[in-house]
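Please open the model in a viewer and keep the sequence alongside.

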Amino acid sequence: MSITQEDRVWQTVLGDLEISLSRANYVTWFKNTHLIEHSDEKIVVGVPNVFIKNQLEKKYLKTIADSLQKNGFSVPALEFKIQALAPGRAGRGSDSGMLAAQKKAGRPTRLLEDRPHVTSPLTHTYRQGLNEKYTFENFVVGAGNELAYAACQAVAAEPGTKYNPLFLYGGVGIGKTHLIQAVGNAVIAQRSNARVVYISSEQFVQEFVDALRFKKNTDFAGFYRGADVLIIDDIQFFAGKEKIQEEFFHTFNALHQANKQMIISSDKPPRDIPTLEDRLRSRFVWGMSIDMQNPDFETRCAIIQTKAENKDMELPADVVDFLATQFQTNIRELEGALNQVIAFCEMRDLSPNLAIVSGLLGGARGRPKHLSARQIVERCAKYYQIPLEDILGPKRDKDIVVPRQIAMYLLRSELHLSFPKIAHELGRKDHTTAIHSVEKIEKEANLDPTVRTALQDIRDKLYV
Ligand code: ADP
Ligand code: MG
C-alpha cells in the first residue's frame with residue numbers, strides 16, 4: 001500500500017479522535033503520531049516517546065479500533081513504536097494544536113470546597129500548600145511542555161506506580177509549579193482523602209530547622225513520610241545543606257519503598273545541582289527526569305489568548321503576536337505584562353491595540369528606535385565572518401544557513417517584523433522559511449550554549 005493511502009487510514013482515525021476527545025487530550029496523545037505500517041495483519045503507529053506509547057496502549061486501543069471499524073477499515077493488531085516524526089511532517093492539529101486546553105480553560109474548575117467534606121484534620125493538613133488554581137485544564141499544552149504534561153498526567157492517573165520520582169527541571173516561569181500542583185489537585189479530585197503534600201524546598205528547610213529547634217523531629221519526619229504524594233518544588237535550594245539532604249534521603253526511601261509518589265522540581269537537572277549528595281542524586285534518576293523547555297511561539301500565543309479570554313478581554317492578533325515575541329522565556333512575566341495591559345485598558349475603557357500595548361510595554365526594554373533590519377543582518381554576517389551577499393544570496397551551506405537563521409530570529413525578536421517582511425529582508429520569497437528559522441533558533445537557544453552566546457554577542461553590539 002502506498003504511503004498516501006496508508007496515511008489516509010491514520011488521518012481518518014485522527015479526524016475522528018480530534019472530534020471525540022478534548023483538545024488537550026488530542027494534542028497531548030495524538031498530535032505527533034503517524035502511521036508506519038498498515039497491512040491486513042497489523043497497523044504500526046509511530047509515537048514520539050514512551051509516555052505516549054504507554055498511554056495509547058492502555059487507554060486508547062479501543063477508541064482507535066472503533067474508529068477504524070466505523071470508517072470501514074479492517075481492525076488488525078495495533079502496535080505503537082517510538083519513532084519521531086520526520087521534520088516538516090507534523091501531524092494533524094499541530095498548526096492549531098497549541099490552542100490545547102484553551103476551550104476547556106474557560107470552564108470553572110471544581111473547587112476543593114465543592115468536594116465531599118472531609119472532617120479528618122489530618123487530610124486537611126495534608127492538603128496544605130496546594131493552590132487549586134493550578135489545574136491540567138487551564139494549562140496550555142504545546143511544544144516545550146507537552147512531555148512534562150504527559151508525564152504529570154500519567155502520574156496523576158496512577159500515583160506511585162511509575163515514574164517515581166518524577167523530576168521536572170527547567171528555567172524560571174515556564175510552568176513547573178503549575179504542573180506539579182496540577183498533579184496534586186488531580187489526585188485529590190479523584191480521591192478526596194488522598195494525602196497530598198506540596199511544599200517548596202525552602203519551606204521544607206525552614207520546618208526542619210524549626211523541628212530541630214523545638215525538638216519535634218519525629219513529627220516532622222512522620223508527617224512527610226505519611227504522604228501518599230509528596231511534591232517538593234525548587235529542590236535546588238537543598239544544595240549545600242547536608243542535614244536536610246540526609247533527612248530528605250530517609251524520607252525519600254521510606255516513601256519510595258511504600259510506593260508513594262514523589263514529584264520534584266528544580267531549575268536544573270540533578271547532575272548540575274552543586275553539592276547535592278551523590279546518594280540523593282542517584283535516587284532522583286531512579287524515576288523519570290524531564291527537561292521542560294520554554295514554550296514556543298505558538299504556545300505562548302495560545303497561553304496569552306487563553307488568559308485574556310479568561311478575563312473577558314479580546315486581543316487583536318498583532319497584540320498577541322507582540323506579547324509572545326516580547327516575552328519568550330518567562331510565562332510569569334508574560335502574564336504580568338498581560339495583566340498590566342488588561343488593567344490599563346479596563347481603567348480607561350479602551351480596546352487594546354498594538355500602539356497602546358507597545359507604548360505600555362515596549363519602552364521597558366529600552367530598544368533604540370534607530371535600529372534597522374539591515375543593521376541586524378550586517379551584524380550577523382560580521383559576527384560569523386561571512387560576506388553580506390552570502391547571507392542574502394542563495395547558498396545553502398550550513399555555515400551560511402545558520403547565520404541567516406540567526407538574522408531572521410533577531411529581526412523577529414528585536415524589530416517584531418512580520419514573517420513575510422523577514423523573508424524579504426533576507427532575500428527569500430517564502431515566508432514559511434522565516435517561520436521555521438525563527439522557531440528553530442528559539443529552540444536551539446534553549447539547548448545550545450553557542451547559539452545563546454552568539455545571540456547575546458550580536459545583541460550587545462547592536463545596542464552599543
Ligand atoms: P515555574 O514554577 O516553572 O517557575 P510557574 O508554574 O510558576 O513556573 O508558572 C508561571 C506562571 O505562568 C503561572 O501563573 C502559570 O500558571 C503560568 N503558566 C506557565 N506555563 C503555562 C501554560 N503552559 N499554560 C498556562 N499557564 C502557564
Ligand atoms: Mg516554580
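In β7, which residue is the bridge partner of Tyr-169? The partner is Ser-266. Before going further, note that this is a predicted model, in which local features need pLDDT of at least 70, side-chain atom pairs count only at pLDDT 80 or more, and totals for chains, interfaces and linings use all residues. Residues are numbered from 1 along each chain as its sequence is written, chains are lettered from A and ligands numbered from 1 in the order in which they are written, and side-chain values use heavy atoms, with hydrogens and water left out.

Select residues 166-169 and 261-266, which are strands β4 and β7. The two run parallel and are joined by four bridges. Strands here are DSSP runs of E with at least two residues, helices are runs of H or I with at least four, and both are numbered from the N terminus. Two strands are taken to pair if DSSP finds at least two bridges between them.

Next, select the loop between α6 (146-157) and β4, where Pro-165 is found. A cis peptide bond, with omega about 0°, joins Asn-164 and Pro-165. Tyr-163 is found in this loop too, and has a positive phi of about 50° although it is not a glycine. Most residues other than glycine have a negative phi, and most peptide bonds are trans.

**The ligand site**

Now centre on ligand 1 and show the 18 residues around it, a residue being near if one of its heavy atoms lies within 4 Å. Gly-173, Thr-177, His-178, Arg-332 and Glu-335 come nearest. The helices α7 (176-190), α12 (297-310) and α14 (331-348) each supply at least two residues of the shell. By domain, at least three residues come from each of domain 2 (146-291) and domain 3 (297-360), with bounds from an automatic or database domain assignment.

Display the polar contacts next (pairs of N or O atoms within 3.5 Å). A backbone N or O atom of Val-140 lies 2.8 Å from a nitrogen atom of ligand 1, and a polar side-chain atom of Asn-145 lies 3.3 Å from a nitrogen atom of the ligand. For Ile-174, a backbone N or O atom lies 3.2 Å from an oxygen atom of ligand 1.

**The three-stranded sheet**

Finally, select the open sheet with the order β1-β2-β3 and mixed pairing. Its edge strands, β1 (34-38) and β3 (77-82), each pair on one side only. Six bridges join β2 (residues 42-47) to β3, and these two strands run parallel. Gly-46 has Lys-81 as its bridge partner in β3.

Notes: Polar contact = N/O pair within 3.5 Å; in protein donor to acceptor, adjacent residues only side chain to side chain.
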